[in-house]
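Okay, thanks everyone, I'll keep this short. Let me put the structure up and then we'll go through a couple of spots in it.

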Amino acid sequence: MTAYALQRDPIFPALRLIAGKKPSVDDIYPRLFDAILEQRIAPASRFTEESLGETFGVSRSVIRRVLAKLSHQQVVILRPNQRAQVAAPDAQQTRQILEARRLTEITVVQLACVHATPTQVRQLRELIARERECIEKDQRGPAIRLSGEFHLQLAAMARNAPLAQFLNSLVPLTSLIIAQFETKACTYCAWHEHVAIVDAVEQRDATTAVALMTQHLDHLESKLLKHH
């Protein structure tokens with residue numbers, strides 16, 4: 001993916017105008033991730049820090065920090081003396097990721113039922129509303145990213161830092177797999193299941209929350225593994 005190709009996207013130039021300042025890591029990360037999820041940066045393609053820096057109007061050090069975050073999340077592969085590369089998980093990796101998520105998220109949703117505050121529940125509902133808005137606008141990349149952030153925010157509510165950190169290494173990579181293999185119709189039904197999970201968490205109904213999360217992950221697994 002060249003800098004020129006990215007600059008053709010109308011989303012990116014607007015970043016340079018935010019408050020008259022150059023974008024930060026927090027500004028660049030979701031937009032670069034969205035570009036990957038929408039395959040404007042193709043699976044397994046390579047790109048340079050220089051080209052991305054020119055595209056976003058930021059220094060290489062900012063781009064390097066964004067790529068480091070994506071690398072930690074296994075979305076981007078970084079190797080010494082090589083260009084950064086978008087990951088392309090195979091069937092075995094996908095199966096292992098989904099197995100790990102299932103084991104982790106069952107515990108997460110149980111803990112969330114115990115620890116969730118009204119403010120956190122409201123924030124989770126607001127996140128789902130943003131996800132739905134992206135779906136209605138046919139913004140598939142942001143919708144997939146926000147769907148993943150739902151699970152990360154739920155993990156934060158569980159008040160278990162190691163579990164949240166572990167999920168942060170699995171959920172973004174799952175989002176990448178969804179973008180590569182799942183159909184639009186399947187992607188857009190996830191927010192309904194998220195709403196039901198939040199309802200159960202708000203009611204502190206751990207049994208129902210676990211059942212709903214299990215069903216949600218079952219649906220995800222059946223959709224993704226059939227494509228491999």
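Let's start with a quick one: does F33 count as buried or exposed? Keep in mind that we're looking at a predicted model. F33 comes out at 2% relative accessibility, so it counts as buried, given that the cut-off is under 20%.

Now, who sits with F33? Search the whole structure for aromatic pairs and you get one. That pair is Y29 with F33, and its geometry is tilted, with 5.8 Å centre to centre and 50° between the planes. Both residues belong to helix α2, residues 25-37, and they're four residues apart, about one turn of the helix. Y29 is at 10% relative accessibility, so Y29 counts as buried too.

Okay, on to a helix pair. Take α6, residues 118-136, and α11, residues 190-202: their axes come within 10 Å and cross at roughly 170°. Anything over 145 counts as roughly antiparallel, so that's what we call α6 and α11. Who makes the contact? On the α6 side you've got V121, L124, R125, I128, E131, R132 and I135. From α11 it's A190, W191, H194, V195, V198, D199 and E202. Sort the residues of that contact by class and you find eight nonpolar, one polar and five charged.

Definitions and conventions
Residues numbered from 1 in each chain as written. Predicted model: local features only at pLDDT ≥ 70, side-chain atom pairs only at ≥ 80, totals over all residues. Heavy atoms only, no water. Axes fitted to C-alpha atoms, helices over the stretch in contact; angles between N-to-C directions. Helix = DSSP H or I, 4+ residues; strand = E, 2+ residues; numbered from the N terminus. Parallel < 35°, antiparallel > 145°, perpendicular 65-115°, else oblique. Contact = heavy atoms within 4.5 Å. Nonpolar A, V, L, I, M, F, W, Y, C, P; charged D, E, K, R; others polar. Phe/Tyr/Trp six-rings, centres within 6.5 Å; stacked < 30°, edge-to-face > 60°. Buried < 20%, exposed > 50% of the residue type's maximum accessible area, 1.4 Å probe, protein only.
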